[in-house]
Amino acid sequence: MENLYSLTAHALKELMKKDGLNPSKISEDVFGRIEAVDGRVKAIVRVNKSKFSNTKSSGKLSGIPILIKDNICVKDEETTCASKILEGFRPPYDATVVKKLEEAGAVLIGKANMDEFAFGSSCETSCYGPTKNPWDLGRIPGGSSGGSAAAVAADETILALGSDTGGSIRQPAALCGVVGLKPTYGRVSRYGLIAFASSLDQIGPITKDVEDAALLLGVIAGHDEMDSTSVDIPVPDYTKSLVKDVKGMRVGVPKEYFIKGIDKEVDEAVKKAIGLLKSLGAKVAEISLPHTEYAVSAYYIVGPAEASSNLARFDGVQYGLRADRPEDMIDMYVKTRSKGFGDEAKRRILLGTYCLSTGYYDAYYLKAQKIRTRIKEDFESAFKACDCIITPTTPSPAFKIGEKTNDPLSMYLSDIFTIPANLAGIPAISIPCGFSKDGLPIGLQILAKPFDEETIFRAAYTFEQSTEYHKRKPEL
Amino acid sequence: MKTIDKAVVKHVAHLARLSLSDKELEAYSSQLAAILSYISKLKEVDTENVPPTSHALSTLKNVFRIDVLKPSLNADDALANAPQKEESFFKVPQVIEGK
């Protein structure tokens, strides 16, 4: 028999149901895998042994191990956002998604590494040091949910949760060869997710295949009175969308995503994937999203502006770090924040504070919000003529550790294809669609209208079930 | 759009309650200048009469609830993570002049 840790949640559910597999065997097996490989991958910052059993035996995820990104609060378990400023913080409450997972019987095995406060595209800004890409330990796993994606790819967990503000679920999923979904803004409660940019953040699944993503989204989605931006519309049974058929589905391919500078192998793999869907009966047409080239600029105003405001709460008063021997109150704030925040967090706080400060607000923040309207309108008009949109997830496969750390702008541009979905609030998935000659995974992004995750699942499932890419595993 | 220099970065750092070393000031000034110069391409887009989007979903409306008493975090739990506390208070350096 295969190792249990290498299986999907739906396969394990089947084994428990049909063969009477004891769920404690699954977490034991997964824990053994973590011991064997995490010294090299460094995807997990804390294993929560106290959570290793969940006695609820009837839930949808009963006995299934899941890894939680370290910016999602788990009651009494250290939660740090991979930042020194939150060292030792033990939340006095559970995030709504955590509560839902525990009610569904999932086993919360631990916390995943990430870029500090989710600021990054490579996992290199973590105060714990970088996570490595399981396909090539000299490369980055992507970010900011790099620990979650790398752990799923390395079989250190069955499922994982990430969060996505500008691509932080989809970009690492693409670079690690796994499935990552950013749901529609408002689909999943953000209560207990430590805020980065409140108008963009969304929690979502990172999994080994599309079926697991549908299963996990079904558990975490839904209205929550603790998050007034969560939307009160019914959660469909997403597993019903797992239909291998795209006949007649209208697929839009935006010309602005196939630009100069995109890696040749990525370009080829994505075009080949589109060809496959066409051969399966999808109606493919070129479309235009004319404001695409402004998305990164708008995002690097809106994101940091909201972040600088959200991060004002880390001042040494209520939790986390407090600097020693402050002269007075202001000095305590300054010393605590200067010591506690890492380089990228400071950079974004500075950028955001600048864009919001007197005399600059109209030129930056307000302008960016108007561009956001334009980007949203681009998608609205595109979805009049198509059911989903297909693009590459990233402009290139995983880059080398250290390659972009001294050039923040080039790091920011690695999110060029994922950012528009956050600005428009629409759902988007990344699924594996090929490998480079060096054996690095390539991701395909599928986007749909708000609250139409079902079309995404159908298209993604059809592609996945017609290919073998999701079955390939890294050698560790 | 305006650009950024060391004096501006220093001012912004003060607003954000950060102190920067000379080396940090140097690095952030040039990096932020490069980022802002990239961002300035937004000028190309005519946004006259375009309403701003502060929230992605048009379905959002004000959310109200009935004002009823419900259990909430107790003081001990709320203070459990405090770097310094006294009785049921967060303790901070003195802010009012006097003894």
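In this predicted model, strand 2 (residues 65-69) and strand 3 (residues 107-112) of chain A pair in the parallel sense over five bridges; strands are DSSP runs of E of at least two residues, and helices are runs of H or I of at least four, numbered from the N terminus. Two strands pair if DSSP finds at least two bridges between them. Local features need pLDDT of at least 70 and side-chain atom pairs pLDDT 80 or more, whereas totals for chains, interfaces and linings use all residues. Residues are numbered from 1 along each chain as its sequence is written, chains are lettered from A in the order written, and side-chain values use heavy atoms, without hydrogens and water.

**Sheet of chain A**
- A:Leu67 stands opposite A:Gly110 in strand 3.
- An open sheet of 11 strands has mixed pairing and the order 1-3-2-4-6-5-10-11-9-7-8.
- Strand 1 (44-47) and strand 8 (283-287) are at the edges with a single partner strand each, so one side of each lacks a neighbour in the sheet.

**Interface of chains A and B**
- Chain A contributes 68 residues and chain B 54 residues to the contact (heavy atoms within 4.5 Å).
- The buried area is about 5,300 Å², of which carbon and sulfur atoms give 67%; this is the accessible area (1.4 Å probe) lost on putting the two parts together, summed over both.
- In chain B, B:Arg17, B:Leu42 and B:Asn81 lose the most area to chain A, together 12% of what that side buries.
- The rule finds three salt bridges across the interface (a side-chain nitrogen of Lys or Arg within 4 Å of a carboxyl oxygen of Asp or Glu).
- A:Lys346 and B:Glu24 form a salt bridge through their side chains, at 3.1 Å from N to O.
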